[in-house]
Structure formats: C-alpha cells, structure tokens
Amino acid sequence: MSSTNNYILGVYDDEDEVLHAVSEVKSKGIKIEEVYTPFPIHGLDTALGHPRTRLPIAAFMFGCLGLVCAQALINYTMVFDWPMIIGGKDFFALPDWIPITFEGTVLFTAFGLVTTFCISNDLYPGKKPEILDIRITDDRFVMAINVDKNKKSAADIKKALKDSGAVEVNVK
Amino acid sequence: MAGHSHFSPANVEEHFEFSSEGKKRIIYGFIAGIVALIIGIYLLSKGESGGHEVAAAGHEAANAGHEAAGHLSGGAASHQPAAEEHYDWTNRIWANVWLNAVFFTGISVVGMFFVSLQYLAKAGWSSVLKRVPEAFPKFLYVTLPILLAVFIFKGDVIFHWMHHGVTEVGSENYDKIIAGKSGYLNKTFFISRLIGFGAIWLILWNMLRKKSIEEDLVGGTEIFTKLVRIGVAFIVIFGLSSSMFAWDWVMSIDTHWFSTMFGWYMFSSWHVTGLAIITLTVLLLKDKGYMSYVNENHLHDMGKFMFAFSIFWSYVWFSQFLLIYYANFPEETIYFLERWEGHNKIYKTSEILNILFNFFFPFLVLMTRDAKRTRIFLMIACFFIISGHYIDFYQMIMPGVLGPHGGYGLVEFGMLTAFSCAFIYVISDELTKASLVAKNHPFLIEALHHDI
C-alpha cells in the first residue's frame, strides 16, 4: 500500500452488514481491494472472490526438500564418509532414520513456510504497521477501495458505500 | 447464508427407506458369501486350497527362526505358535470367524466412540451426520456372541495359552512363561471381561440411542446434557476396555510375545476403519438422495479425520516396529520376523500392502484440500483404508493362529463377504428406526452453516 494510491474506506459496524455490502458493492461493478476485520468472518473470502492461497504447494515443496536433505545428510555421514555399525544393523539402516527424516521434513516445512509467508506479505522484523484505520483492531470493519484501479468515479464509489450501509466513508 | 435457507430443520424429518430390493440384494450377497465359503471349506478339506505344499518349506524357515530365538534368550522361550503343534484344516475357518468378528466389533463400537467423542467435545459440525455412526453398535449384538462362542468352543485353536496343560506343572506341554501369565490369561477372567465390558458397551449405547431419539420428540437442551454424560462415561470405559480387548483378542494369540503399544495400535486400526465406514455410509446415502444437508464442509472434516488417523495408525505401527527393530531382542523380533520372512514368506506381501494401503495411499490421496471435499477421492481413500485395515487385522491374527497354513482363498473371501453383508443389513435396518437428521440437536443450526 504505497502512499501514491488513493483509498476510499467504507467503515461498517456489523459483520453481517459488511458481508452483504461486499456483494452489493461488487454488483455495481466496483473492484474491492480488501476488507479489514478484527476477527475472521466466515464466507468473506468467497464473497470477495479472492483466489485460494498457494501456500500449501510451497509447504509440499519445502517438505520434499527437507526429506531429501535429511536423507542426504544421514546417507553421507553414516554410509559414505564414516560408516558406522550401530546395534548390529546395516550401514544403510533405513528404519532408524525415519524419525530424523520426519523431523527434517517438518523443520524445512515450518521454516520455509514462515519465510515464504513473510516475504509474500512484505513482512519483516521491525516493519512499521500500515493500518488504514486503527479501529479495525477493535470493533469496526473497513472495506478498502482503490480509486486508481477502478473505472468508477470517487463520488460514485462513495455513494455506493453509503448505500450499502457504511456508517462512515473516509478518504485516505 | 447461501444455499441453506430452504432447509428448516424444525419441521423436517428424513427417514431412510430400506427397500425390499435393497434387502434382496444384500441377502443375495450374503448367500454368495456363504456359497463361496462352503466351496472354500470343501477345497480346504481336500487339501487343494490351503498352503499345504508350501507348509513343509515354511515349517523349516519358521523353525529356524524359533530355534534361534529360543537359543538367544537363554532357552527360556520356546516359541511355538499354536498352529505348529496340532494343526487341523478346520482351524483356518475358526481363524477367519475370529478375524472378522474382531474387525467388525471394532467398526461397530467405533460408531459409539465417534458419537461419544463429539458429545465430549461438544462439537457442532457432526450433528448433521451423527445418526449414521449412532446406528453402528447394533451389530455388536451379532459379533460379541460370535466372539464368545468361538472362544468357548474353539479357543484352543486361536490361543496358544488355551492349549491343554500349558499351565500345569509336570505336564509335557508345561510352559513356564504362559503359566506366569495365567493370572490374567485364564478362561474365567477372559469370559468375564468379554461379557462385562460388552454388556456395558451395549447398555451405554442403548441409553444413548434411546435419549437421542427422545430428543427428536421433546427438544430442549436437557437431553443434550444427559447425552454428554453418557458419552463421557463411554469414553472412560472404552479407554480401558479397548486396550484390554486388544491384549485379549489379538495380542494373546502370540502368547509369549508382548508389546506395550498394542492397545493403541489396535485401537487406531479400529478407529480409522470406523471413520472410513462412516464416511462411506454418508456418501452412499447422499448418492441415494438422502442427507442433502451434509455438504462438502462436513465431508472435508471426515476427510481430515481419516487423513489424521491414518497417520496416527502409521505412527503407532512404526513406533512399535522401530523399538523392536532397534532393541533387537530375539523374543520380540520373532513377531516381525514371522511376518516378514517366516513361513516361506507367505505373509510378506500382506505386510507390504499393509503399509501401502494404510499409510502411503491415504496420505497422498487425502493430502490436498480439494481431495477431502470431492466424492470420488474420499471413496478411493475409504476403499484403501477399509481393505488395508482388513489386511492389518489379518496380519495381526493369521500368522499366530495358522502359521504356515495361512493364505488368501475362498474361505477368506466368503467369510468377509458374509460378515459385510450382515453388517450392511443390520445397520441399514437400524438406520430406518430414527430420522436421519437429529432435528432437535441444539447444535444443528450451527452444523447446517458449517463453513471451513
């Protein structure tokens, strides 16, 4: 959300109302950028038409990577570099390694996923929060509409928001 | 919200109709199973279908393992599975009755466990489909008497510790280890556990079922509170009894061997099979046009349950295996040795299929969100889980009872078909006795709007 964008914010005080407002505003051909809420609202993602997150695919990839890395490390240390007999088993004692492989998979998935999530959401330690309206952390629901990305005029958008039951319409 | 507004639960009852054609088909299936069984038994009596030829070779391999085991553990344990001493071709029939009775007892009781668990957690989403698992324990009226009868009349076929003279000092069959376990493993105590816990299961189920149907007529939240109490009581009883029955019915077949994981292992196998059967029943009812209010969100939850408990089963199976493999005590490794390379390797294929069907296939099939919400993927997963856990129980029971004489043949196929058809008949009949939707369940509205 860079400062060059012009936002019109519709502020609502009820979660059902904002949910209805989303479909109403959309039906007028207005593109909604995002809706900010203090808590999750069931059906909001579907109403907004957001595509599903691709994070599970990333998780699977990181998991595969972790599995390969764990196996590579154990194979290199236990079979090639310094073969050791433990408990009378073969050098290549696969059942013994499954817990470690599992842990490696989980570790890579967890760290990889958190990192991916932070990068894709432009988050990093020390980042200043960009909050459009401080009340979205309390009891208000805010629909943000980017004027530059819409064909409708600012006045039309404001009117549509008011009609859909917004208690306030702000410009930012 | 979208899609649900037309359904108002307060004035809707949906009754499952068990059509005479459906009844006929199931009875034909049952008869086909029995015919296959009879042909199988005939072939078995002629010695044409059993693994008699492989038996001789299998004998040697198994004996070599046993001798090594006995040797290394200081001669204390002479591992002789029941089958090797006095084998009779009819043993395979009784082993199969036992296998199916244990398997279907598990599926039936998991219906009760599932409903109790939902009440214990005060879960809302499952109230749309709770009438399905609620009907399952009816089949306990069939399986528990079968278990009791087989134990009383043919117990010495199944259990090593039931053999004549194993606990009598001075007898040629005297076995010090089994004699040491006779405080727990004796006929009276075994039968009292079976009858005692079985009766408590049935009493609690009858109470739950009665109250649940009463709720349809009366409404209010008072009955819900009572149902929660029954559920909690059952969970406590089941926690104890499922472990004990695992030791009694399955682990004590290999009397010398023991595993502290076994109660969990068998419970997880029962549970995931029960979950798959619940899902499959709901899907089939939906195919027939019932339960339109069960949508992909509820199926998604059932899919997650199956996925999670397949992994739980794998975790428990592997934990049991890994400790035994790692510690490498002969008296423990004999269990896996017997299944992997003993008896001329006749159990090796099943052991591999066991892991493939119960871990890898459900894990890969049910991994994505869309798969858990799609009918066909759930069907595939149910197929793998149900057949996989039949194989799992086969692996638990057959090597100990039959040793080198086991195998997959018409006897196995016929017995499984007969039991399955009986199960489907009894459960379908029980489903007709109450509305498919528990219309006065306090969480029904929440469940109808379930969205994940």
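**A walk through chains A and B**

Chain A is divided into domain 1, residues 7–50 and 136–171, and domain 2, residues 55–120. Taken over C-alpha atoms, the centres of these two domains of chain A are separated by 46 Å. Keep in mind that this is a predicted model.

Next, look at where the chains meet. Chain A gives 7 residues to the contact, and chain B gives 8 residues. On the side of chain A that touches chain B, 4 residues are polar, 2 are nonpolar and 1 is charged.

Now turn to the nonpolar cores. The largest nonpolar core has 113 residues. Within this core, B:Val250, B:Met306 and B:Ile397 touch the most other members.

Finally, find B:Leu204. This residue lies in helix α8 of chain B, which covers residues 187–218. Is B:Leu204 buried or partly exposed? B:Leu204 has 19 C-beta neighbours inside 10 Å, so this residue counts as partly exposed. A buried residue needs 20 or more. With residues up to four places away in sequence not counted, B:Leu204 touches B:Ile230, B:Ala233 and B:Phe234. B:Trp125 is 79 residues from B:Leu204 along the chain, and 23 Å separate their C-alpha atoms.

Terms used. Residues are numbered from 1 along each chain as its sequence is written. Chains are lettered from A and ligands numbered from 1 in the order in which they are written. This is a predicted model: local features need pLDDT of at least 70, side-chain atom pairs count only at pLDDT 80 or more; totals for chains, interfaces and linings use all residues. Two residues are in contact if their C-beta atoms, placed from the backbone, lie within 7 Å. Ala, Val, Leu, Ile, Met, Phe, Trp, Tyr, Cys and Pro count as nonpolar, Asp, Glu, Lys and Arg as charged, and the others, Gly among them, as polar. Helices (H or I, at least four residues) and strands (E, at least two) are DSSP runs, numbered from the N terminus. A residue is buried if 20 or more other C-beta atoms lie within 10 Å of its own, exposed if 12 or fewer, and partly exposed in between; C-beta atoms are placed from the backbone. A nonpolar core is a set of buried Ala, Val, Leu, Ile, Met, Phe, Trp, Tyr and Cys residues joined through C-beta atoms within 7 Å. Domain bounds come from an automatic or database domain assignment.
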